[in-house]
Amino acid sequence: MDNLTVIVLAAGGGTRMKSKTMKVLHPVAGRSMIAHVLRAVQAVEPERIVAVVGHQRDQVGPHITSLVPDAVLAVQETQDGTGHAVRIAMEAAATRGEVTGTVIVSAGDTPMLRGESLRAFAREHTDSGRAVSILTGRVADPTGYGRIVRGADGSVVAIVEEKDATEAQRAIDEINSGILAFDAAFLARALPRLSNANANGEYYLTDTVSIARADGLTVGAHLIDDVSETEGANDRAQLAELGRQLNARIVKAWMKEGVTVMDPATTWIEDDVVLERDVTILPNTQLLGATVVREDAVVGPDTTLKDCEVGAGARVVRTHGELAVVGDGATVGPFSYLRPGTQLGATSKVGAFVETKNAVLGEGAKVPHLSYVGDATIGEATNIGAGTIFANYDGVSKHRTVVGAHARTGSNNTFVAPVTIGDGAATGGGAVVRQDVPPGALVVPGATQRVIENWVLRRRPGTKQAEAAEGATGAHGESVDPQQ
């Protein structure tokens with residue numbers, strides 16, 4: 001729409017949240033509340049977006065500009081009401097040129113707001129030629145909301161706040177959503193005429209309705225179909241309820257796109273998740289962040305994936321994963337932990353009670369049981385025996401292990417990195433591999449234990465490990481009797 005300015009109010013402290021985090025920054029479905037609002041606002045394609053910041057503006061301002069780099073930030077030093085906030089916003093908007101056309105004012109804590117609803121509201125206001133339009137809704141319990149007072153002809157006479165309402169006005173179930181649209185020229189004239197002679201001593205933006213009526217101008221309302229889109233959150237309980245509603249909307253939308261969700265009540269899907277057709281999500285599953293699940297994959301039950309990619313036809317069960325890639329047709333779980341940097345090739349397997357970190361498995365490679373695979377590369381079709389540890393940390397630095405293709409390693413192996421096991425090599429059960437293994441070779445575990453006295457004192461002086469050893473053995477390596 002041409003000549004459209006949108007003002008987003010985000011200056012309030014949100015004290016009922018009882019949080020060090022500013023209210024509008026609290027996350028819902030993987031995005032901050034204000035991020036949801038800004039996305040809806042951007043769908044209207046306004047000429048400019050003005051955000052009013054106040055409390056904790058050092059947090060809120062950078063967050064807004066990270067999402068909308070060309071947003072205008074207006075600072076409200078003292079929170080003297082919505083009318084005061086909009087006056088400051090209009091002054092800031094004017095620094096980018098004359099404000100003409102339509103001005104929409106929205107709250108920063110309404111994450112359910114849809115872009116299409118805001119577009120419909122803006123279009124109706126512009127087409128009607130009104131001075132003021134109000135986005136309204138009907139609720140069963142209007143307590144706490146400003147009431148829409150209509151005249152005999154159905155036009156809007158006033159918006160009355162709860163504290164200023166009469167008993168008859170409190171019974172009205174049509175409420176002000178806090179989202180208003182104005183003719184820009186009228187708004188510029190009306191703002192200086194607002195008064196703070198009310199119960200809160202604030203400048204109410206809603207008083208522009210009576211000003212417009214006094215000037216003989218038209219005031220109307222746009223009744224939204226789903227009033228939940230206008231709901232805000234003032235405390236953690238309301239935030240959780242909004243999260244539940246938004247999640248239900250997201251889950252339902254994916255089911256309409258061809259995703260099977262076995263139990264919507266226990267499935268959580270954040271806003272940036274991408275699912276392809278014929279994906280199946282089993283109960284008690286959370287898909288978070290920028291997770292992508294390709295067609296025919298099955299995820300769950302009891303699985304949490306954050307910023308992961310799951311390939312077509314893969315199966316991930318009872319698994320926690322973050323920043324990991326699961327290849328096409330791969331299987332993971334149950335009770336697996338995929339840490340950042342994990343990349344599983346097509347048809348590979350990470351089985352029960354296996355933890356991976358910075359691990360790359362080639363196509364068809366398998367780590368079936370009870371293993372830790374850290375900082376490792378495993379070649380195609382290699383099988384890692386049960387109970388294997390990739391010992392990547394020497395106490396100071398991390399090192400990498402490379403296992404070639406088509407290798408077979410025994411149970412209860414320990415690979416002491418850095419070490420390379422060649423293609424087609426094998427290791428016996430219980431082997432501790434400290435040196436490179438040539439391709440096709442067999443490592444047979446030895447029975448002799450070699451002890452190097454005072455190694456830590458010589459090789460790691462000054463470390464906590466050396467201090468502990470020195471305290472137990474004495475400065476020259478003599479044993480210290482703990483009873484003395």
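Guide: Start with P418. In this predicted model, P418 is in the loop between β34 (414-416) and β35 (419-421).

Visitor: What makes the peptide bond from A417 to P418 cis?

Guide: The angle omega. For the bond from A417 to P418, omega is near 0 degrees, and the bond is cis. G300 and P301 are also joined by a cis peptide bond, with omega about 0 degrees. P301 sits in the loop between β18 (298-299) and β19 (303-306).

Visitor: What is the phi of F353, and where does F353 lie?

Guide: Phi of F353 is about 55 degrees, a positive value, although F353 is not a glycine. F353 lies in the loop between β27 (349-352) and β28 (355-361).

Visitor: And which value does phi of N358 take?

Guide: Near 50 degrees, which is positive, and N358 is not a glycine either. N358 belongs to strand β28.

Visitor: Why is N358 called partly exposed?

Guide: The relative accessibility of N358 is 31%. Buried means under 20%, and exposed means over 50%. The value for N358 falls in between, so N358 counts as partly exposed.

Visitor: Let us turn to the pockets. How do you know where empty space is left?

Guide: A probe the size of a water molecule is rolled over the atoms, and that shows where empty space is left. The largest pocket has a volume of about 1700 Å³.

Visitor: What makes a residue part of the lining of the largest pocket, and how many residues line it?

Guide: A lining residue has an atom within 4 Å of a pocket point. The largest pocket has 48 lining residues. Nearest its centre lie R16, K23, T82, D109 and N234.

Visitor: Which elements each supply at least two residues of the lining?

Guide: They are β1 (4-10), α3 (82-93), β6 (102-107), β10 (174-183) and α8 (236-256). β10 gives the most, with five residues.

Visitor: How do the residues of the lining divide?

Guide: The lining has 15 nonpolar, 24 polar and nine charged residues.

Visitor: Where does UniProt place the feature "binding site"?

Guide: At D109 and N234, according to an unreviewed UniProt entry. They span 126 residues in sequence, yet no two of their C-alpha atoms are more than 8.5 Å apart, so they gather at one spot. Both D109 and N234 are included in the lining of the largest pocket.

Visitor: Why is D109 called buried?

Guide: D109 has 10% relative accessibility. The cut-off for buried is under 20%. D109 is under that cut-off, so D109 counts as buried. D109 lies in the loop between β6 and α4 (115-128).

Visitor: Is N234 buried or partly exposed?

Guide: Partly exposed, because N234 has 25% relative accessibility, and the range for that label runs between 20% and 50%. N234 is in the loop between β11 (219-223) and α8.

Visitor: How do you know that D109 and N234 are in contact?

Guide: Contact means heavy atoms within 4.5 Å. Leaving aside neighbours within four places in sequence, N234 is in contact with R16, M17, K23 and D109. With that exclusion, the contacts of D109 include K23, V24, M33 and N234.

Visitor: What makes the link between the side chains of D109 and K23 a polar contact?

Guide: A polar contact needs a pair of N or O atoms within 3.5 Å, one able to donate a hydrogen and the other to accept it. The side chains of D109 and K23 are joined at 3.0 Å, so this counts as a polar contact.

Key:
Residues are numbered from 1 along each chain as its sequence is written. This is a predicted model: local features need pLDDT of at least 70, side-chain atom pairs count only at pLDDT 80 or more; totals for chains, interfaces and linings use all residues. Side-chain values use heavy atoms; hydrogens and water are left out. Helices (H or I, at least four residues) and strands (E, at least two) are DSSP runs, numbered from the N terminus. Buried means under 20% relative accessible area, exposed over 50%, partly exposed in between (1.4 Å probe, protein chains only). On a 1 Å grid over the protein atoms alone, a cavity is a set of points where a 1.4 Å probe fits but cannot get out, and a pocket is an open set with protein on both sides within 12 Å along at least five of seven lines; lining residues have an atom within 4 Å of a point. Grid points are joined across faces, edges and corners, and a volume is the space filled by probe spheres set on the points. Ala, Val, Leu, Ile, Met, Phe, Trp, Tyr, Cys and Pro count as nonpolar, Asp, Glu, Lys and Arg as charged, and the others, Gly among them, as polar. UniProt positions are given in the numbering used here, feature names are shortened, and annotations may be inferred rather than shown by experiment.
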